[in-house]
Amino acid sequence: MILDAKISEKSFGSKVLYTDLNLTIQEGEKVGLIGRNGSGKTTLFNIILGLDKDFQGEVFVKNGKIISSTQQEHYGLENLTTLDYILKDLPEFSKLHKIISDYPTLTNPSDSYHSRYSDAVNRFSQLGYYQVENELAKIFDNYQLQSDILDKPLRVLSGGQKRLIDLIKIQRSRSDLALIDEPTNHMDFMAKATFINWLNNSSEAVLVITHDRDVLDQVDRIIEIKDGKTVNFKGNYGKYLNINKSTVTNQVNEYDLTQKTIENLKADIIRFRRLKEKSRSPSTIRRFKSLEEKAEKQLEELTELKKPSFWIDRESVDDLSPKLKAAYGKYKAKNIRLNTTSDKLSSTRLLVQATNLVLGYDKPLFSQITFDLREGDRIRLHGRNGAGKTTIAKAIINKINQKKEDSKVFNGTLAVEKDIIVGVYEQEIDEKYLDETIYNVIEKTISQGKGLVNDQIIKQLLSQYLFDPNKDLETPVRQLSGGQKARLQLIKMLAPNPNLLILDEVTNHLDLPSIEELENAIQNYTGAVIYISHDSYFSNRVGGQILSVAL
């Protein structure tokens, strides 16, 4: 065993996040950590790392075991070179490097320092740090990153590049336990394959927060944070779905029986009271009073039971009996509700047409592409990071909105139909919204789409997307979690009632139930969709023409 955490309570203000949460990690095992947005996955990482000490319980790490972790933010580190950023977090590197570097500057080192220096040199060599730059260059090559990034400061790297750098740091750390948060967000298909290959072949234990089903297919165990506790599922994603279906259906059936018992008890209490009032015999009155009190006590015990969170994947729901399916539909956990038009197509008019199109900046990004997009069509832009997928999406958006092109047209043409209303989901929410409140962002989005907007409509939207319609109205976007920002992006995308959706890595930061709801909504959507995604489950569900973007 490497890690054993027992957290009896963790709260944020009046919100209780965990109650009796237990987590154990064994040597070498690969564990996926899942849970609804806001369930406390990243908080759990912070507790394990000692960054959050405001909880009741204890975290035990076996003596001598080293834990490494990715970072979500890099504030204050922007001027570090990539190499220095990686090196500073390698186990023991900074301490050993200082001893070795200081030794030549000493005029008369003591015998004890000679010994420390000798031990440091041996340990430095044992950890392979004399060859670390060559090893890093090799790992960079595996991810098809240019090794000259090692000499560049973090501030010039993209969000996707920083995420890869953090993973490379983890891989070279060779720790006993790696904590990795959403590793495949922004990854292209080749980088993801490289990461999965490392995951399958690495010797260290890995605890990874992810809702990427391709990654969850590779783990030994899945831990779900649910109702403030951890639920363990031995096996990968496919086995999780089977066990979860069996567990949840039993819980639904039991909960349904409990609710029926509650209704029966309420009826019994009323009946016993009436019979007691009608009775004249003291013994009969006492008997009905006793029955009434017994029923009231049982009712109190049952009503104090909290309803579990029920979620089953759509394929498993389809396999349920009609009776059980109805019960699940009645009690299932609240999920986002996406409103997309479901009317039959009125036309198949051409919306976007690209003919021998080549875009770029200083030079072309990709070879000629040609496609027609009509109402109801789905087109998936597929290619490596930096190949030009997002550039194509932005060119279409700018053309529709009659804005100046960010990129240069090296060849061909791009034409769009008039009066297209486009809904856009970007990889990261625009910085201009970060200091706005949720209310202002939604109000402006609906107003720009010339739709009706008032407090009631905005509160209804917030409720549909799992925000608190009263408490979250004035929350600045900057303070939202990744999952909350993703849900706000969905509101912005669909509020104008678009007939074209452009989606750039839309499944990033969403939990499994939300991804499934999104997939269902897109399947029912009658407009056109252009999307970029390296989630194979999502791509298989949405389907459509695959447009390869490459030189």
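**A guided introduction**

Guide: In this predicted model, three strands form an open sheet in the order β2-β1-β4, with antiparallel pairing.

Visitor: Which strands stand at the edges of this sheet?

Guide: An edge strand has a single partner strand, so one side of it is left without a neighbour in the sheet. In the order β2-β1-β4, that description applies to residues 15-25 and residues 56-61. The edge strands are therefore β2 and β4.

Visitor: By what angle are neighbouring strands of this sheet turned against each other on average?

Guide: The value is an average over neighbouring strands of this sheet, and direction is ignored. On that basis the turn is 15°.

Visitor: Which helix lies across β1, β2 and β4, and at about what angle does it run to β2?

Guide: The helix that lies across these three strands comprises residues 41-48. This helix is α1, and its angle to β2 is about 60°.

Visitor: How many residues of α1 are buried?

Guide: A residue counts as buried when its relative accessible area is under 20%. The buried residues of α1 are K41, T43, L44, F45, I47 and I48. The helix is largely enclosed by the rest of the structure, because the buried residues number six of the eight.

Visitor: Which residue just after α1 takes a positive phi?

Guide: The phi value in question is about 80°. The residue that takes it, just after α1, is G50.

Visitor: Is strand β3 mostly covered or mostly uncovered?

Guide: Strand β3 consists of residues 30-35. From this strand K30, G32 and I34 point one way, while V31, L33 and G35 point the other way, and all are buried. With six of its six residues buried, β3 is mostly covered.

Visitor: Which residues of β7 and β8 are paired with G32 of β3?

Guide: Strand β7, residues 205-209, runs parallel to β3 and is joined to it by four bridges. Strand β8, residues 221-226, also pairs with β3 in the parallel sense, over five bridges.

Visitor: How are helices α9 and α10 oriented to each other, parallel or antiparallel?

Guide: Two packed helices are described by the angle between their axes and the distance between the axes. The axes of α9 (residues 237-278) and α10 (residues 282-303) come within 9 Å and cross at roughly 155°. An angle over 145 degrees counts as roughly antiparallel. The two helices are therefore roughly antiparallel.

Visitor: How many nonpolar, polar and charged residues does the contact of α9 with α10 have?

Guide: α9 passes α10 in a left-handed crossing. The residues in contact include I262, L265, I269 and F272 of α9 and F288, L291, E292 and L299 of α10. By class, the contact has 11 nonpolar, four polar and six charged residues.

Visitor: What percentage of the residues in the protein is buried?

Guide: The secondary structure of the protein comes to 18 helices and 17 strands, and its C-alpha atoms fill a box of roughly 105 × 75 × 40 Å along the principal axes. Among contacts between residues at least 6 apart in sequence, 70% join residues at least 24 apart. Of the 551 residues in the protein, the buried share is 48%.

Terms used. Residues are numbered from 1 along each chain as its sequence is written. This is a predicted model: local features need pLDDT of at least 70, side-chain atom pairs count only at pLDDT 80 or more; totals for chains, interfaces and linings use all residues. Side-chain values use heavy atoms; hydrogens and water are left out. Two strands pair if DSSP finds at least two bridges between them. Axes are lines fitted to C-alpha atoms, for helices over the stretch in contact, and angles run from 0 to 180 degrees between N-to-C directions. Contact means heavy atoms within 4.5 Å. Angles under 35 degrees count as roughly parallel, over 145 as roughly antiparallel, 65 to 115 as roughly perpendicular and the rest as oblique. A crossing is left-handed if the near helix is turned anticlockwise from the far one by less than a right angle, and right-handed if clockwise. Ala, Val, Leu, Ile, Met, Phe, Trp, Tyr, Cys and Pro count as nonpolar, Asp, Glu, Lys and Arg as charged, and the others, Gly among them, as polar. Buried means under 20% relative accessible area, exposed over 50%, partly exposed in between (1.4 Å probe, protein chains only).
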